[in-house]
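Biologist: Can you put the model up and walk me through it? Start with how you call a disulfide.

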Amino acid sequence: MRKKMLILLLVLAAPLVSCSLDDDGVNFNFVALQIVSAELPESFVQNQTYEISVTYVRPNGCTFFEGFDISESDTTVRNVVAVGSELQDTACTQEAEEVEATFNFIVLHSEDYIFRFWTGEDADGEPEFIEIEVPVL
C-alpha cells in the first residue's frame, strides 16, 4: 500500500517540478587547452596514488577549465588533454594566463609509465606532446 501511495504522490508531484530551458541553444564549445608544463614524481610505486600538477594556458576570460581527458593509448601510455569550455557570442577582453590544475593518478601496473601532455598542433595539424616517462620501482 505504501508503494502505491508513493507512486501516486510522485505522479501527482511531477507536473510541479519544471525546468526552464533557454531555447537560444548552446552558447559554449569544448576546447583543448594548451599544456605548457607538468610536474610528476621521479618514480612511482605500484598501487600508490599520486597528485600530478599541470600548467595550462587559459586563452581568455571566456574560457573555463572543465577537467582533464586522460586516455590510455597503450598499457602504460597516457595521453592527457586539458579541457575547457569557451563561451560564444561574448566579448572577451582578459589576456591569456597560465593556470595550474591537478589530477590524481593511481599506479596499477609495474611497468614504466609514459605521459603525453597535449601542447597543441604543428603546422600540419598534427598533435604535439610533452612526453614524460616515470619509472615504477
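Modeller: A disulfide is a pair of cysteine sulfur atoms within 2.5 Å. This is a predicted model, where local features need pLDDT of at least 70, side-chain atom pairs need 80 or more, and totals for chains, interfaces and linings use all residues. Residues are numbered from 1 along each chain as its sequence is written, and side-chain values use heavy atoms, without hydrogens and water.

Biologist: How many disulfides by that rule?

Modeller: The count is 1 disulfide. Cys62 is joined to Cys92, S to S 1.6 Å.

Biologist: Which parts of the chain does the pair link?

Modeller: Distant ones, 30 residues apart: Cys62 is in the loop between E3 and E4, and Cys92 in the loop between strand E5 (77–87) and E6. Strands (E, at least two residues) are DSSP runs, numbered from the N terminus.

Biologist: Why is the disulfide left-handed?

Modeller: Because the torsion about the S-S bond of Cys62 and Cys92 is about -125°.

Biologist: Cys62, buried or exposed?

Modeller: Cys62 is buried, at 4% relative accessible area, while Cys92 is partly exposed at 31%. Buried means under 20%, exposed over 50%, partly exposed in between, with a 1.4 Å probe and protein chains only.

Biologist: New topic. What is the strand order in the open sheet?

Modeller: E2-E3-E6, 3 strands with antiparallel pairing. Strands E2 (35–39) and E6 (97–106) each have a single partner strand, so one side of each has no neighbour in the sheet. Two strands pair if DSSP finds at least two bridges between them.

Biologist: How many bridges between E3 and E6?

Modeller: Strand E3 (residues 49–58) and E6 pair over 10 bridges. Val54 has Ala101 in E6 as its bridge partner.

Conventions
Helices (H or I, at least four residues) and strands (E, at least two) are DSSP runs, numbered from the N terminus.
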